Amino acid sequence: MPEEQEKKEKMNEEFEPRIVAFLCNWCSYAGADVAGSSKLEMPPTVTPVKVMCSSRVDPVMVITAFLRGADGVLIAGCHPGDCHYDKGNYYARRRFAVLRNIFDTLELEGERLRLSWVSASEGPRYAEVVRDFSKKIKQLGPNPVKQKK
Amino acid sequence: MTEKKQKAKDQVLVVGAGMAGIEASLTLAAADKKVYLVEKEPLFGGKVIKFEEVFANMECSTCMAAPKQQEVLQNEKIELLTLSKVKEIQGEAGNFTVKIEKKARYVSLEDCIGCNECFEPCPVSLPNGFEENLGERKAIYIPCPGALPNAPSIDTENCLRFTKGKDCQLCKEACMFDAIDFDQKDEEVKLNVGAIIVATGFDLMDPKQISDFGYDGEANVYTALEIERLYASNGPTEGKITLRNGKEPASAAMIHCVGRKKVGYCSAVCCMYNFKFIHYLKEKLPEITLYDFYSDLCMPGKSYQPFYEHLKDKAESIRFQDLKIAHQNGQVRLNYKSLKDRDEKLDVDMAILAPAVVPAEGASELARILGIEQAENGFFGFQSSDRSPGESGREGIYLAGCVLGPEDIGKAIAQADAAAGKVLALLG
Amino acid sequence: MEKRHIMDRKIGVYVCECGPNIADALDIDRVIEAVSGMENVAVVERYKLMCSPDGKKYLAEQIKEHGLTHLVVGACSPKQHEATFMAVCEEGGMNPFLMQMANLREQIAWITPDKEKATERAIRHMKAAIRRVRYHAQLEKKEIECNPDVLVIGGGIAGMSAALLLSSPDRKVFLVEKNEELGGMVSRCEKLFPDMVKGREITESRVKSLEEDENIEVLTGTAVENILGFFGNFVVTVREKESEPREFKVGAVVVATGADLFDPGALAEYGYGKIKNVVTASELEEMNLKGKIALEDGKEPKSVGIIHCVGRKEKGYCSEVCCRVGIKISRYLKEKIPGASVTQFYQDLCIPGSVAQAFYEETRNAGVEFVCTEAVKLSESDKKIQIDHDGKLATVDMVVLLPAIEAAESTSEISEMLGVKKGKGEFLTEEHEKIGPVTTTVEGVFLAGTVSGPKTVRDTVSQSEAAAGKILSSLVPGRKLETEARTSKISESLCTGCRTCLTVCCYSAIEYDESRGICTVNEVLCKGCGNCAAACPSGAATHQQFTQIQIHREMMEVLR
């Protein structure tokens with residue numbers, strides 16, 4: 001149905017995604033700061049929420065975010081092996097994997113949840129992750145759960 | 001005990017603010033000692049902050065060093081004196097009088113917020129030593145993005161005001177926080193300390209000293225530190241590995257043991273960082289062909305060989321005896337003798353040299369000032385088994401890190417805490 | 001923890017201009033307007049440069065003047081100045097944990113060129129911070145008593161060095177050694193490389209110092225049976241052979257239990273235990289200490305082969321010291337049997353550092369041969385030993401094998417007792433390979449020497465002194481231990497005792513209380529990562545500065 005498709009695409013163009021990014025204090029938040037100090041332009045779609053470790057992010061937080069209207073959720077931590085708290089990021093990875101699996105039940109596209117590793121010096125990488133993820137979310141369109149409200 | 005002596009007992013001087021100096025300072029500060037951390041450069045963190053990643057866990061170097069650096073900056077017991085050198089010491093263990101020469105930064109650390117606006121208008125450009133001359137900087141500069149303290153300094157050897165007496169105020173005019181002060185003066189700081197820890201680190205031998213390796217800073221022959229800066233995400237190319245003409249290399253050869261014959265010792269870390277480079281280069285240029293020229297693989301300890309095993313298939317290992325580099329039609333020609341005594345040659349786009357680790361510049365002068373011995377090879381301390389490694393030969397002065405000889409970070413940190421332990425046991 | 005009624009909360013909101021950095025990038029007055037009407041917000045102001053001495057003074061005065069209970073500062077990144085503004089809170093008489101920063105500079109002003117969009121984001125971030133800070137708790141650092149005494153397990157060079165550096169009149173050191181004699185590996189070496197100083201001279205001088213030291217109690221022939229407790233408060237049980245167990249308290253533990261040597265009997269190619277006159281390096285050291293290096297028939301060997309890397313492939317790592325041990329042994333042979341021919345068979349010559357190469361070159365110049373070979377196979381040949389090295393053959397009277405260094409058998413027991421995990425090579429794992437070589441994830445437990453991996457005597461001594469240094473610095477007699485305030489906490493009423501939190505904690509900071517059937521967080525050990533809070537199925541575990549509701553409120557503002 002090309003007309004509906006067209007309508008959807010038009011909506012998506014005007015649509016400004018709201019993305020919550022859980023960033024860990026030691027690596028990804030610092031990397032985001034470096035991206036800022038380097039004045040790397042990023043779309044204003046992502047709002048960072050600082051946690052001490054990506055392992056703090058629990059599935060309830062993520063699901064709440066989506067139920068309350070987040071179009072995308074980004075979890076970013078230290079590269080595997082580099083976690084400031086020894087193995088925290090491995091737990092984050094496992095929780096993320098389990099969470100992704102239940103997205104079908106929530107009628108949400110799995111791609112709305114992303115896990116990325118960003119180190120404290122990787123400003124350009126953080127900017128790339130943000131730009132790429134924002135683009136993806138824009139393509140997917142607004143959170144379908146939000147629309148149903 | 002006199003008041004001066006009592007005060008000295010609670011104060012310690014740490015010379016050199018690389019990883020070892022930082023560790024010693026933090027351990028001493030936790031014991032309620034006042035620490036004067038003296039560093040000759042305008043930034044601190046030593047050599048480690050020049051690397052993007054460290055072997056063998058390939059951890060991001062900044063993630064490892066920055067929290068410690070922040071701790072130093074926020075710790076009230078630690079006073080970091082950058083652009084400073086030790087000029088004289090007198091006295092004895094428990095009561096040293098130290099004179100520090102503190103060069104003026106010409107920028108107020110309290111007022112500067114690190115916005116970097118003052119660089120652009122500066123009319124003087126020159127090669128940036130921190131970036132191994134691969135990039136440029138101005139006469140007022142921060143050595144690299146993320147440098148700490150986060151404030152520039154004026155290089156008086158190149159600034160027009162100081163070299164030519166010109167009344168150039170462009171940087172000062174650009175500063176919105178009035179942080180630039182041309183009237184700052186070099187200072188002599190007098191300290192009274194109970195003990196001294198020397199952690200002045202190392203340098204890499206300049207390969208220009210050995211003509212065999214064809215290093216002139218122009219051909220596609222690079223030193224290890226140049227590769228580190230090319231790969232670094234905060235470096236002159238933001239992480240792109242390129243040749244001098246900006247093109248990407250299709251092949252590269254890592255040459256171990258550069259200068260080893262000249263210095264007469266093995267520099268301990270080069271085999272490992274060359275494996276790290278295999279990882280770096282394959283990350284950025286997956287199609288690149290790599291050659292690893294070595295004499296013996298030095299990978300001691302429980303972690304290093306597994307790291308090598310993981311990477312070895314990504315490069316062709318070639319065991320060599322002698323090696324000379326020539327330049328042939330823009331390519332790098334390696335002429336070498338295999339272990340079977342056969343003469344071989346190989347052409348590559350890029351050669352990466354692992355130069356010998358040598359004592360840091362100024363080591364001899366420092367040894368003289370401190371009144372401690374220097375071995376013939378320039379390193380400090382003793383290598384005998386009946387002495388503790390941190391001993392300098394002079395009571396109250398202890399050593400840590402590569403000032404003792406080439407070694408990896410783990411050893412340097414242990415030595416730093418050991419030196420701190422000796423200081424705490426001495427001073428009580 | 002005193003709970004303030006929500007009506008009493010007075011939030012002070014301050015937006016830093018950061019010069020032009022924030023002031024030019026967004027409309028601060030609009031931001032101020034947008035948050036002014038919010039519940040509990042008592043005052044909203046802007047200031048040119050909040051982190052300057054004047055700015056900090058102003059803020060402290062504002063706290064006092066308005067009787068502020070909470071503070072929100074919109075400025076640069078909290079990683080830059082959170083500590084600064086927390087100190088200002090204390091200055092103003094406010095609990096420093098009731099402060100929240102909004103990152104308006106690095107994460108908005110500097111990356112959003114559109115002023116309108118930047119202002120919108122800033123408003124959202126400020127509101128998020130205000131809504132979050134309402135739920136902050138008045139955290140306090142706690143002080144707990146601690147014992148400055150130390151237990152050192154292992155009486156080799158590592159244990160002895162640590163004990164001696166720790167010794168002081170106001171700190172007792174218990175040095176526990178399972179064997180009857182102190183000295184460990186070093187006392188079984190006739191000499192040590194590179195300076196060929198006598199091993200026993202070194203250990204004996206330390207033993208003498210220990211005997212003369214009133215602050216150190218040496219317990220030989222004694223095993224550690226159990227260690228309970230945590231940093232500052234360990235309870236140790238030891239037992240000397242058949243006697244009654246003895247208990248004492250310490251604040252820290254140094255594990256210096258050493259390592260073992262790989263058994264070459266496991267590898268057929270070396271014929272160890274089958275072919276006559278094939279010995280290990282330690283057996284040769286024993287002979288040397290007794291005064292005579294001889295074959296089984298009592299005669300002196302005229303030719304000796306020294307085989308490196310025995311067990312290297314099986315273990316998967318290089319044991320660091322063996323090349324130098326091999327060179328040292330050649331020197332023994334040349335010294336004791338001047339006419340003997342000595343040949344070393346090695347894979348890679350590992351001679352790092354400023355003096356090892358000279359050590360090697362001098363030995364080679366004295367007539368010791370070095371042969372580089374991949375594989376070695378030994379066989380008996382006419383009462384002599386034939387060495388097949390990469391297809392070539394050599395015949396010798398005696399072979400000395402240099403076996404890999406492997407984790408001691410006692411390591412598993414220690415690992416379980418203390419909660420320090422085994423890692424690479426089955427050695428105990430240090431906290432961080434580079435910046436934490438002697439600490440572990442169990443606070444108060446330190447590693448020194450070969451218990452954490454193969455290393456030289458010199459590096460062992462460094463590590464022992466480093467462990468001592470860390471203890472001297474953190475456990476000061478008369479000074480209490482301060483706990484980190486931003487830790488996790490487990491609600492007794494909500495906890496079901498499932499112990500999921502315990503399994504995810506990387507720092508052994510959670511304890512299961514059997515009598516109450518619940519888990520509790522040890523604030524001395526908790527590092528504040530929040531992993532337990534995320535893992536807890538009942539919501540009992542929470543991170544005090546990152547509670548579910550705090551994060552929820554922060555997030556919701558974004559999604560409004």
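Helix axes here are lines fitted to C-alpha atoms over the stretch in contact, and angles run from 0 to 180 degrees between N-to-C directions. The model is predicted.

**Exercise 1.** Describe how helix 8 of chain B packs on helix 9 of chain B.

*Solution.*
1. Take the geometry. The axes of helix 8 and helix 9 (residues 304-311) of chain B lie 10 Å apart, at an angle of about 35°.
2. Find the hand. Helix 8 of chain B passes helix 9 of chain B in a left-handed crossing.
3. List the residues. Helix 8 of chain B contributes Met272(B), Phe275(B), Lys276(B), Ile278(B) and His279(B); helix 9 of chain B contributes Tyr304(B), Phe307(B), Tyr308(B) and Leu311(B).
4. Sort them. The contact has 7 nonpolar, 1 polar and 1 charged residues.

**Exercise 2.** Classify the packing of helix 3 of chain A and helix 18 of chain C.

*Solution.*
1. Helix 3 (residues 59-67) of chain A and helix 18 (residues 548-559) of chain C have axes that come within 10 Å and cross at roughly 25°.
2. Angles under 35 degrees count as roughly parallel. The two helices are therefore roughly parallel to each other.
3. The crossing of helix 3 of chain A past helix 18 of chain C is right-handed.
4. Among the residues that meet are Met61(A) and Ala65(A) from helix 3 of chain A, and Ile551(C) and Met555(C) from helix 18 of chain C.
5. The tally for this contact is 7 nonpolar, 3 polar and no charged.

**Exercise 3.** Which residues have the most contacts inside the largest nonpolar core?

*Solution.*
1. The core has 115 residues; Phe275(B), Met350(B) and Ile329(C) have the most contacts inside it.
2. Helix 8 (residues 270-284) of chain B supplies the largest share, 9 residues.
3. Beyond four places in sequence, Ile329(C) touches Ala281(C), Leu284(C), Ile306(C), Val400(C) and Leu402(C).

Conventions: Residues are numbered from 1 along each chain as its sequence is written. Chains are lettered from A and ligands numbered from 1 in the order in which they are written. This is a predicted model: local features need pLDDT of at least 70, side-chain atom pairs count only at pLDDT 80 or more; totals for chains, interfaces and linings use all residues. Side-chain values use heavy atoms; hydrogens and water are left out. A nonpolar core is a set of buried Ala, Val, Leu, Ile, Met, Phe, Trp, Tyr and Cys residues joined through side-chain atoms within 4.5 Å. Buried means under 20% relative accessible area, exposed over 50%, partly exposed in between (1.4 Å probe, protein chains only). Helices (H or I, at least four residues) and strands (E, at least two) are DSSP runs, numbered from the N terminus. Contact means heavy atoms within 4.5 Å. Angles under 35 degrees count as roughly parallel, over 145 as roughly antiparallel, 65 to 115 as roughly perpendicular and the rest as oblique. A crossing is left-handed if the near helix is turned anticlockwise from the far one by less than a right angle, and right-handed if clockwise. Ala, Val, Leu, Ile, Met, Phe, Trp, Tyr, Cys and Pro count as nonpolar, Asp, Glu, Lys and Arg as charged, and the others, Gly among them, as polar.
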